[in-house]
Amino acid sequence: MINTIYSIMETILPFEWANFNFMKNALLAIILIAPLFGLTGTMIVNNKMSFFSDALGHSALTGIGIGALIGVDNYMVSMIGFALLFALCISEIIESETSSSDTIIGVFSSTGIALGIVLLSINGGFSKYSNYLIGDILSITPNEIALLFFILIATIILWFLAFNKLMLSSLNSDLAYSKGVNVSLYKNIFVIIIALLVTVTIKWIGIMLINSLLVLPAASARNVTRSMKSYHIISIIFSLFSGVTGLIISYYWGSAAGGTIVLVSAVIFFVTFFINRFCKK
Amino acid sequence: MADINNKINKLNKNNCRCSVKINSLGVKRGDNVILKDVNLEVKHGEIMALIGRNGAGKTTLLKAIMGRIPHTGDVVFINHNGDKIENSKTKIGYVPQTLSFDRSTPVTVADLFCANRTKLPVWLGHKKETLKKAEKVLHMVGAEKLLNKSIGRLSGGELQRVLLAFALEPMPDILLLDEPVSALDRRGISAFYELVTSLRSEYHMPIILVSHDLGHVTRYATKASLVDETIVLTDIAKNILSHKEVKQAFHLYSGEDLA
């Protein structure tokens, strides 16, 4: 299966970098991750939750710490478990309206990263986990690509079933409620999707950069679109474009792929920002 | 004869004839009592205005009626046959006081209507039928040209009309309006209230509205209630100004009262 895909890629991509399997894997992974991030990022930006997904990324460090303490080989399970708990806690506390939401998220975010550092440094070997901070898309294996593929399909299905309700809730929860939308259910569904997405992909993208990849394409698309349809299409296009271009540039520059991709996304953001400013005048 | 009766029945079913009855409703936030022992009945065809000082609990009462916030006591919806309708099956039309949302949000009016009425995710497209229905109801409020505008670019008055249209699709069993004219100019206000009055005569749904303007209340509402933690008094809207409590709440003292 994977060999057929490789040979197809080699025929349509007659470039030097396409000779390496790790580059082909990385490219496949990006083609799967980019639309995922482009799609869900729109809702994160709509809900003003970019801080929240950032905190989730930080919580992954605690998840790894717990996994290392228990002694499991694959940190994915402990990360997902902790991120879900973390996410639902934040969303409950925000709901109770005792404190402003950015304060709550800020507190959780720093707790997540501090607890992770403490847990991982207890045995004296923090450096071996430092690759989680930056991530390494070039290390992705064909099995993991298959996993990403299924996650993409699952997210698209959910985005089919729940999107309209999510959008109404994000616009105004009272209004959505008056139309019979179970606002807190949809909020929790959304929070769970983001928690899963962030923790599953964090190994390849890295704790430091994951949020930029989630938020930047959607934020850029928002600068230049007026309807939900164009918003989503443009967000996915920006996400794919910056992913692929960033990966290729990183190959020639010898730089880290994640960072290069984020830089390309950031350039797109500033360009669209000025287009928006310019057009308004 | 039977035929005519059938027709009338059909008509009555299409037109909402439901009413709402609120029994000893109370709302607490933490230890603060916001509303207590509220008893209120609004029948079909009535426009009930809730008046009172800021923070008297008017908006909270509306939210409690639609079930958005936890409360004690009960809110009962009754259909045209006098039977109870389950609260979850009652169609509520709600127009919020202000819609606080991010003005840069890329949502068009069409997106808004289709997100509510169709399963097809609006980022993939809109259904023609739904758009037609939306256009029809937007036409009722004089906003048919706004269908493809993004909601962040609407003026305050335009947004309020769009929100009223949104509340009317599907036609609700009860209409709750929270200071619906706060963003309208004078012409907009009378147009808005004339529309609400015509809805009442056409569809007979009970309408509850919160208002600060006693002029609007006496002109357009049928009944009015003074709210201050509870329902202080209820009267026919035209008579509401004659009550001492209302005068006090709105600082309308005549020379006699001052002496």
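Let's start with where chains A and B meet. This is a predicted model. In it, 23 residues of chain A are in contact with 23 residues of chain B. Which elements of chain A give two or more residues to that side? They are α7 (142–171), α8 (173–178) and α11 (228–253) of chain A. The largest share comes from α7(A), with seven residues.

Next, one helix in chain A. Helix α3 of chain A covers residues 50–70, so to speak a run of 21 residues by the numbering in this DSSP assignment. From first C-alpha to last, α3(A) reaches 31 Å. That is close to the 30 Å expected at 1.5 Å a residue. Is α3(A) buried or exposed? Of its 21 residues, 16 are buried, so the helix is largely enclosed by the rest of the structure. Just after α3(A) comes A:Gly71, and that glycine takes a positive phi of about 90°.

Now over to chain B. How many helices and strands does chain B have? Nine helices and ten strands. The radius of gyration of chain B is 19 Å. The globule rule gives 18 Å for 259 residues, which is close, so chain B is as compact as a globular protein of that length. Along its principal axes, the C-alpha trace of chain B spans about 65 × 55 × 40 Å.

Buried residues make up 41% of its 259 residues. And take the contacts in chain B with a separation of 6 or more: residues 24 or more positions apart account for 65% of them.

Methods: Residues are numbered from 1 along each chain as its sequence is written. Chains are lettered from A and ligands numbered from 1 in the order in which they are written. This is a predicted model: local features need pLDDT of at least 70, side-chain atom pairs count only at pLDDT 80 or more; totals for chains, interfaces and linings use all residues. Two residues are in contact if their C-beta atoms, placed from the backbone, lie within 7 Å. Helices (H or I, at least four residues) and strands (E, at least two) are DSSP runs, numbered from the N terminus. The expected span of a helix is 1.5 Å times one less than its number of residues. A residue is buried if 20 or more other C-beta atoms lie within 10 Å of its own, exposed if 12 or fewer, and partly exposed in between; C-beta atoms are placed from the backbone. The radius of gyration is taken over C-alpha atoms; the globule rule is 2.2 Å times the number of residues to the power 0.38.
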